[in-house]
Amino acid sequence: FICLFTGGRNGYGAKLCNIFSTEFTVETSSKEYGKVFKQTWVNNMTKDKEPFIAKSKGEDFTRVTFRPDLAKFKMTELDDDIIALMSRRAYDVAGVTKGVKVYLNGKQLPVQGFKQYVEQYTKHNLESSGEPYKVVFDQPNERWSIALTVSEKGFQQVSFTNAISTSKGGRHVDYVADQITSKLIEVIKKKTGKSGINVKPFQVINTSV
């Protein structure tokens, strides 16, 4: 599990969401400036309503509400696959966004940070003793979070860059996996001594996630 924190995509996500919505509303409130702002766009961002600005009640928040234009996607309703994808994305956001509480269908998700996100994957993987497999977690700096545990299905990875899921991996995954593999081989060789055991990198990587 790897999470690399860097910049975003200059607001592409919000703009595209607006373009593909029949209605899109942004609300933001600043305790520091004592103001609240609200504006709505309709018809795929082609028309905008007058912005509303007033005194804030002392809250700090930003809220985005939208109605997806399903016709643009040749749909009449959200199917089960899309709902499952959105639900998964809610967990992703909770895992890679610091200091944010994420709610799904009115309930707060039990995830605040990358470590708890990883535990959602590993809590059902049990050893013969009935205990969950141990997870090694490390955050070498503010930009990287890394977790490692045992895999029973060969090498698997879950990774993010710029809070975007990189399901196919990439150089950031190889960069970490190669270092872990070489270090584990070094430790194994020291422990086995002159027994002649020759551990290959693929043997190590295929038992990791």
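In which helix do Lys183 and Glu186 both lie, and how many residues apart are they? Both lie in helix H4 (residues 171-192), three residues apart, about one turn of the helix, where helices (H or I, at least four residues) and strands (E, at least two) are DSSP runs numbered from the N terminus. The structure is a predicted model, in which local features need pLDDT of at least 70 and side-chain atom pairs count only at pLDDT 80 or more, whereas totals for chains, interfaces and linings use all residues. Residues are numbered from 1 along each chain as its sequence is written, and side-chain values use heavy atoms, with hydrogens and water left out.

A salt bridge is taken here as a side-chain nitrogen of Lys or Arg within 4 Å of a carboxyl oxygen of Asp or Glu, and a search of the whole structure finds six of them. Lys190, at 64% relative accessibility, counts as exposed. Elsewhere, salt bridges that share partners join Arg88, Arg89 and Asp92 into one network. An α-helix has 3.6 residues a turn, so residues three or four places apart point the same way. Asp92 counts as buried at 4% relative accessibility, while Arg88 is partly exposed at 37%.

The buried residues of helix H3 (residues 114-122) are Phe114, Tyr117, Val118 and Thr122. Because they cover an arc of only 135° around the axis, they are on the same side of H3; the arc is that of the directions from the helix axis to the C-beta atoms.

Surface patches were also identified, being made of residues with over 30% relative accessible area and no salt bridge, with like charges joined within 9 Å and nonpolar side chains (Val, Leu, Ile, Met, Phe, Trp, Tyr) within 5 Å. Tyr12, Leu16, Ile19, Phe20, Met45 and Phe73 form a nonpolar patch with about 560 Å² of accessible area together, the areas coming from the Shrake-Rupley method with a 1.4 Å probe, for which only the protein chains shown count as cover for residues. Of these residues, Tyr12 lies in helix H1 (residues 12-19) and is partly exposed at 48% relative accessibility. A patch of negative charge gathers Glu77, Asp79, Asp80 and Asp81 on the surface. Asp79 is placed in the loop between strand S6 (61-68) and helix H2 (80-96) and counts as partly exposed at 37% relative accessibility.

Positive phi values in residues other than glycine include that of Asn44, near 60°, and that of Asn105, near 55°. Asn44 is in the loop between strand S3 (35-42) and strand S4 (47-48) and is partly exposed, with a relative accessible area of 21%. Asn105 lies in the loop between strand S7 (103-104) and strand S8 (107-108), and counts as exposed at 75% relative accessibility.

Note on methods
Buried means under 20% relative accessible area, exposed over 50%, partly exposed in between (1.4 Å probe, protein chains only). Lys and Arg count as positive and Asp and Glu as negative; His and the chain ends are not counted. The place of a charge is taken as NZ of Lys, CZ of Arg, CG of Asp or CD of Glu.
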